[in-house]
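Q: Please take a close look at one part of this model. I would like the packing first, then the backbone.
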Amino acid sequence: MLESGDVDAIVTTVPHYLHTKIGKEALSRDIHALLEKPGDIYAEKVKEISDLAASKPNLTFGIFFNQRTNPLYQKVKSLIDNGEIGEIRRTNWIITTWRRPQAYYDQSSWRATWSSEGGGVLVNQAPHQIDLLQWLCGLPKKVYANVKYGYQRDLNVDDDVTTVLDYGNGATGVFITCTHDIIGTDRLEITGDKGKILVEDSKKITLKSLNQSETQMNQDMTWEEVAELFKGNGMGDIYKEETFEFESVWGQQHISVLENFTANILDGTPLIAPGSDGINV
């Protein structure tokens with residue numbers, strides 16, 4: 001099919017191990033490629049296809065990180081990039097709304113296996129949030145993780161993960177995900193020198209912007225002023241609060257990635273999610 005001359009582009013909606021394999025087959029034949037997430041199970045495989053794509057700048061190489069087209073997270077990125085909360089000091093994301101009962105895993109032999117799926121919650125459910133975290137806040141320098149395998153389900157892969165991120169400049173982060181919380185949480189909090197962004201249920205943003213950076217306040221505030229804050233007085237005078245609410249249209253993010261991928265092929269519109277970004281996750 002790839003050698004027929006009739007194919008302009010492909011999307012690898014196939015098992016994870018085949019994403020880069022099929023993607024490379026397409027690119028080597030000068031066919032544009034859009035990989036589903038994750039880019040692959042192994043970072044070196046994503047590097048291989050990224051190097052191949054870089055040698056063919058006339059081709060479009062993308063990855064399906066569809067949450068980058070979500071208006072809510074685009075708003076969060078613009079707030080950060082515009083300096084609304086200053087330099088990031090801490091990130092926290094609890095995303096445990098993935099509950100999967102045993103029947104989900106038992107329905108297909110490939111689910112939650114090393115041989116077919118290549119992992120569990122980190123490779124299947126959470127890649128979008130992992131991508132968003134590094135897209136919004138940058139890549140950490142070090143990652144420490146407590147990963148549990150078959151913790152609350154009869155499987156061999158990861159189903160519960162608590163991760164500590166070290167950004168190398170003093171900033172830290174925590175990322176928590178699992179597939180067994182029946183009352184799940186989706187809460188992202190990004191704290192900076194000039195404020196805080198809180199995202200709840202991927203629907204609502206609360207922005208608290210300090211009138212003066214914490215660093216400057218720390219230098220300028222007298223003990224009397226600090227004492228008043230301890231009493232709960234004057235907090236409303238040091239920051240302003242805004243909220244932004246969004247309605248998510250199911251599937252629209254996928255459509256937006258496809259439209260952006262096509263626009264890049266046709267007229268060079270910049271890619272929202274270049275394929276080479278797959279290695280970051």
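At what angle do the axes of helix 3 and helix 5 cross, and within what distance do they come?

A: This is a predicted model, in which local features need pLDDT of at least 70, side-chain atom pairs count only at pLDDT 80 or more, and totals for chains, interfaces and linings use all residues. Residues are numbered from 1 along each chain as its sequence is written, and side-chain values use heavy atoms, leaving out hydrogens and water.

Helix 3 spans residues 71-81 and helix 5 spans residues 127-137. Their axes come within 9 Å and cross at roughly 25°. Axes are lines fitted to C-alpha atoms, for helices over the stretch in contact; angles run from 0 to 180 degrees between N-to-C directions. Helices are DSSP runs (H or I, at least four residues), as are strands (E, at least two), numbered from the N terminus. The two helices are therefore roughly parallel (angles under 35 degrees).

Now the contact itself (heavy atoms within 4.5 Å). Helix 3 contributes Tyr 73, Gln 74, Val 76, Lys 77 and Ile 80. Helix 5 answers with Leu 132, Trp 135 and Leu 136. By class, the contact has six nonpolar, one polar and one charged residues. Here Ala, Val, Leu, Ile, Met, Phe, Trp, Tyr, Cys and Pro count as nonpolar, Asp, Glu, Lys and Arg as charged, and the others, Gly among them, as polar.

Next, the backbone. Lys 37 and Pro 38 are joined by a cis peptide bond, with omega about -10°. Pro 38 sits in the loop between strand 2 (32-35) and helix 2 (43-54).

Key. Parallel < 35°, antiparallel > 145°, perpendicular 65-115°, else oblique.
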